[in-house]
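Reader: Could you walk me through this model and tell me what lies behind each label you use?
Author: Gladly; have a look first, and then ask away.

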Amino acid sequence: MKKTKKHLSLLLLASMLGTGVAVPFNVLNMDTVARAASHDKQDESEAVEVSSIKSLNSITLEITFAEPLSSEEVALNNAQKNFEFDNDLTIRNVPQLKTGFKSTYIVPTTPQEEGTTYTFRYKGEEVGTFTANTEQINMREARQVDNDTIELESRLSDRVTDYGNVIEAYAGKRGGLDFELDEDNRYKGKEYQIISSLRGTQVTLTPRNGEPIMATYVPFTQNTDGRQEPKFRLPEGEQLEPGVTYTVTADWADFRDATFTAKDIDPLTIQSVEATSETTLDVTLRRDPREEIFPLRRITLTAPDGTELVAQYKFTTRNGATGTFEIMNGEELASNVTYQVEPVGEWATARNVSVTTDAQPDENAEVQSIKSLNPITLEVTFSAPLVTEDLALAQAQENFQFDNGLTIRNIPQLKTGTTATYFVPTTSQASDMTYTLTYKDDEAGTFETNSDRLDMVEARQVAYDTIEIESSLRAGVTDYENVIASYAGKRNGLDFILDENNRYRGKSYEIIPSLRTAQVYITPEGGEPIVATYVPFTQATDGRQEPKFRLPAGETLIPGVEYNVTSDWADIKDATFTAKAINPLTIRSVKEVNETTLEVRLSTDPRDELFAFRQITLTAPDGAELVAQYKVTTRKGATGIFEIMNGGKLEPNTMYSVTPVGQWAGLTFTTK
């Protein structure tokens with residue numbers, strides 16, 4: 001089977017080689033230190049034997065050893081010591097084991113001189129000689145890719161292959177472009193030139209009537225994005241002059257088209273920079289360059305106090321338009337600082353681009369400002385982010401103390417886009433009241449109630465004992481989950497960032513905080529008000545802002561009776577509805593997941609969080625009863641997970657009768 005797969009991949013490669021079509025694929029970079037494709041030698045003290053040394057072209061040797069080299073021996077530092085030549089020839093990068101061979105290595109060298117016979121010494125011992133092969137590698141074209149960078153193109157269809165396609169370390173990792181050459185470097189009867197690692201190589205650019213300029217290979221650009229187009233860059237500060245014709249030459253390459261006329265190429269545009277750690281940043285361009293043109297590029301980051309950091313692109317990290325940059329010289333980004341970003345040189349522009357680093361949480365954070373946004377929402381800014389322990393509900397209830405009977409309702413939530421500003425839900429604040437906040441036993445400040453109630457669109461019945469109250473994001477009312485950091489990027493496109501005045505794109509927004517324990521009054525025509533309590537985890541589900549409120553256990557809405565909904569925290573535009581008899585949900589099946597968990601499936605998807613806090617009773621033949629309650633937020637379509645309450649467990653091999661608790665659902669079956 002392995003042989004068959006191999007033959008299939010070779011047929012695919014032959015097809016691509018014949019057409020010369022550039023096939024895009026993800027590649028591993030060839031300039032990396034060799035992986036452990038070779039085997040460790042059994043006895044390091046044994047003398048090394050070389051079976052053959054062959055010069056393939058002016059910068060590539062093929063050396064066959066009697067035994068494979070160890071992974072340590074092919075590491076760059078060791079290889080530079082072990083591989084010695086006379087007449088000033090040196091190894092350029094790590095030896096790479098040739099695919100399909102036991103101990104034959106592709107060895108990159110500096111250019112060999114015509115007519116020279118070289119002596120090769122390995123680990124200080126003379127092991128052979130070879131005569132320089134001054135055959136130059138056939139390159140198609142030299143062309144400009146940036147104001148200081150060119151690229152040289154070669155093609156597989158011209159029988160020129162990058163060494164990454166034919167070495168063991170990358171066999172099977174070249175998107176179908178890898179293949180096996182024979183001992184004569186032939187594949188399917190065709191001989192291939194091999195471009196070895198170009199690390200440290202140079203080419204010469206000569207402007208018409210001008211002095212030659214040396215351009216140096218840009219690491220990790222040799223064979224990327226499915227193309228054999230290594231990049232070469234001018235010395236720092238030098239640029240190609242628009243309108244001038246340049247000719248490219250090299251002592252290792254022969255160009256079919258070596259001349260180009262330089263033009264002024266627009267720089268890249270940095271759209272945003274995001275700190276991902278104390279030492280790394282993601283730099284995103286306005287559009288994907290579809291090519292590896294980040295390498296060796298740098299940016300400066302300037303803090304308000306003038307402190308400057310420099311970050312350089314981390315090789316091979318580009319993902320589309322985004323590349324990772326690392327802070328240089330062992331320095332780190334300071335916390336809670338906004339840095340202005342500028343490119344080093346003219347490779348890119350960055351108009352008003354900045355990056356703000358995360359502030360470090362501080363258990364001693366102090367309150368800096370308090371503002372009441374509406375009768376149940378505060379916006380509190382601290383000197384630093386709160387530590388995780390202070391965001392737990394019990395601890396937050398202890399930390400946030402108010403006078404005049406006001407209490408915190410749920411945990412503070414960090415406002416998206418800020419470092420230490422939190423939305424704090426409270427019980428209803430009284431009109432025209434001034435409150436004092438004591439935080440961690442220290443008086444932190446005062447604030448006056450903002451009596452502007454939240455604008456709600458409509459109250460309506462959704463079950464025999466449940467109503468929902470709708471608000472409209474379009475009308476400038478947002479659930480807090482859309483604008484808090486813990487849900488950023490997790491709201492299916494509904495999340496956004498408010499400014500310091502709670503505006504977005506020039507529009508002001510009211511913020512509905514967590515409604516945990518919130519209540520409304522449902523008053524029947526001619527009757528006494530009934531208190532309905534918020535049903536947890538129904539606040540903003542299924543893409544809608546329609547929190548549910550449920551009557552006390554055992555109470556129901558009476559069909560035909562008109563009800564009016566009121567609240568001390570909301571103004572409801574359409575607050576009146578006439579109750580109707582709503583058919584209960586229908587449970588289609590109940591399936592045991594494990595001894596404490598059940599999967600309850602309805603006959604149809606309710607397309608709403610109507611399972612919330614519903615219960616079922618399971619009765620065994622001996623009369624023993626278990627109660628299972630819906631596990632919040634587990635609904636997937638028509639199915640929800642229910643958990644056995646009070647530590648109960650299902651007995652094995654027992655048939656339970658299932659009964660809904662209350663009138664929320666009906667069914668006509670039993671389940672095991």
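**Labels and their cut-offs**

Author: Asn-133 is found in the loop between strand E7 (125–131) and strand E8 (137–146). This is a predicted model, in which local features need pLDDT of at least 70, side-chain atom pairs count only at pLDDT 80 or more, and totals for chains, interfaces and linings use all residues. Residues are numbered from 1 along each chain as its sequence is written, and side-chain values use heavy atoms, with hydrogens and water left out.

Reader: What makes a run of residues a strand?
Author: Strands are DSSP runs of E with at least two residues, numbered from the N terminus.

Reader: Why is Asn-133 called partly exposed?
Author: Buried means under 20% relative accessible area and exposed means over 50%, with partly exposed in between (1.4 Å probe, protein chains only). Asn-133 has a relative accessible area of 24%, so it is partly exposed.

Reader: And why does Phe-220 count as buried?
Author: Its relative accessibility is 14%, therefore Phe-220 counts as buried. Phe-220 is found in the loop between strand E15 (213–217) and strand E16 (231–233).

Reader: How far apart are Asn-133 and Thr-117 in sequence and in space?
Author: They are 16 residues apart in sequence and 9.8 Å apart in space, C-alpha to C-alpha.

Reader: How do you know that strand E2 and strand E5 pair?
Author: Two strands pair if DSSP finds at least two bridges between them. Strand E2 (residues 60–65) and strand E5 (residues 104–108) have 5 bridges, in the antiparallel sense. For Thr-60, the bridge partner in E5 is Pro-108.

Reader: Which sheet do these strands belong to?
Author: An open sheet of 4 strands, in the order E1-E2-E5-E4, with antiparallel pairing.

Reader: What makes strand E1 and E4 edge strands?
Author: Strand E1 (50–57) and E4 each pair on one side only.

Reader: What joins strand E20 to strand E26, and in which sense do they run?
Author: Strand E20 (residues 268–275) and strand E26 (residues 348–349) are joined by 2 bridges and run parallel. Thr-269 has Thr-349 as its bridge partner in E26.

Reader: How does E20 pair with strand E21?
Author: In the antiparallel sense, over 5 bridges, with strand E21 spanning residues 280–285. A hairpin of 4 residues joins E20 to E21. Glu-274 has Asp-282 as its bridge partner in E21.
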